[in-house]
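Here is a short report for a reader new to this structure. Please keep the sequence and the 3D view open while reading.

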Amino acid sequence: MKTSIYNLLKARFLIDDDAIKNWRFIVFLIVLAIIMIANTQRYEQKVFKIAELTSEVKELRSEFVDRRSELMKLRMESTVSEKMVEKEIFPSTVPPVKIKVKKEEEKSFLKKLWQ
């Protein structure tokens, strides 16, 4: 028992006759560790990118809501009429009238057009 611990501390398993098997295993562990470290780094980069994109989406969404409310204000009749008064265009005092055309009159009108 004492000799096996002593051999382990002296690293005899790296220079013995069957050391090539041990070296292969050690190299395999090192490559595996490098792959795991690289994978973790890529994962963290993606997490940071997701956080950045999420904050950008929130910012763009709030900007969209602001622009939409601004557009609603600009489309209001009172705002439009104020802008038109500046150009000396006033709203009509006579309300619009809906014109209804009966089908028979429409047909006769079309016939007259084609004649």
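Where is Glu88 found? Glu88 sits in the loop between α3 and α4 (103-114). Helices here are DSSP runs of H or I with at least four residues, strands are runs of E with at least two, and both are numbered from the N terminus. The phi of Glu88 is positive, about 60°, although Glu88 is not a glycine. Most residues other than glycine have a negative phi. Glu88 counts as exposed, at 65% relative accessibility. Buried means under 20% relative accessible area, exposed means over 50%, and partly exposed lies in between (1.4 Å probe, protein chains only).

This is a predicted model, in which local features need pLDDT of at least 70, side-chain atom pairs count only at pLDDT 80 or more, and totals for chains, interfaces and linings use all residues. Residues are numbered from 1 along each chain as its sequence is written, and side-chain values use heavy atoms, with hydrogens and water left out.

**Overall layout**

The protein has four helices and zero strands. Along the sequence the pattern reads α-α-α-α. Buried residues make up 2% of the 115 residues. The accessible surface comes to about 12,000 Å² (Shrake-Rupley method, 1.4 Å probe; for residues, only the protein chains shown count as cover). Carbon and sulfur atoms account for 63% of that surface.

**Helix α2 and its annotations**

Helix α2 covers residues 19-75. Residues 20-39 are 100% helix and 0% strand, with end C-alpha atoms 28 Å apart. Residues 43-70 are also 100% helix and 0% strand, and their end C-alpha atoms lie 41 Å apart.

A nonpolar surface patch of about 510 Å² is made by Phe25, Phe28, Leu29, Leu32 and Met36. Patch residues have over 30% relative accessible area and no salt bridge; like charges are joined within 9 Å, and nonpolar side chains (Val, Leu, Ile, Met, Phe, Trp, Tyr) within 5 Å. Leu32 is found in helix α2.

The salt bridge count comes to one. A salt bridge is a side-chain nitrogen of Lys or Arg within 4 Å of a carboxyl oxygen of Asp or Glu. Glu63 and Arg67 form it, at 3.8 Å from N to O. Both lie in helix α2, four residues apart, about one turn of the helix.

Ala19 is found in helix α2. Ala19 touches Phe13 and Leu14, not counting residues up to four places away in sequence. Contact means heavy atoms within 4.5 Å. Thr79 lies in helix α3 (residues 77-86). With residues up to four places away in sequence left out, Thr79 touches Lys73 and Leu74. Why does Thr79 count as buried? Thr79 is buried because its relative accessible area is 19%.

**Accessibility of selected residues**

| Residue | Relative accessible area | Class |
|---|---|---|
| Ala19 | 5% | buried |
| Leu32 | 36% | partly exposed |
| Glu63 | 37% | partly exposed |
| Arg67 | 54% | exposed |
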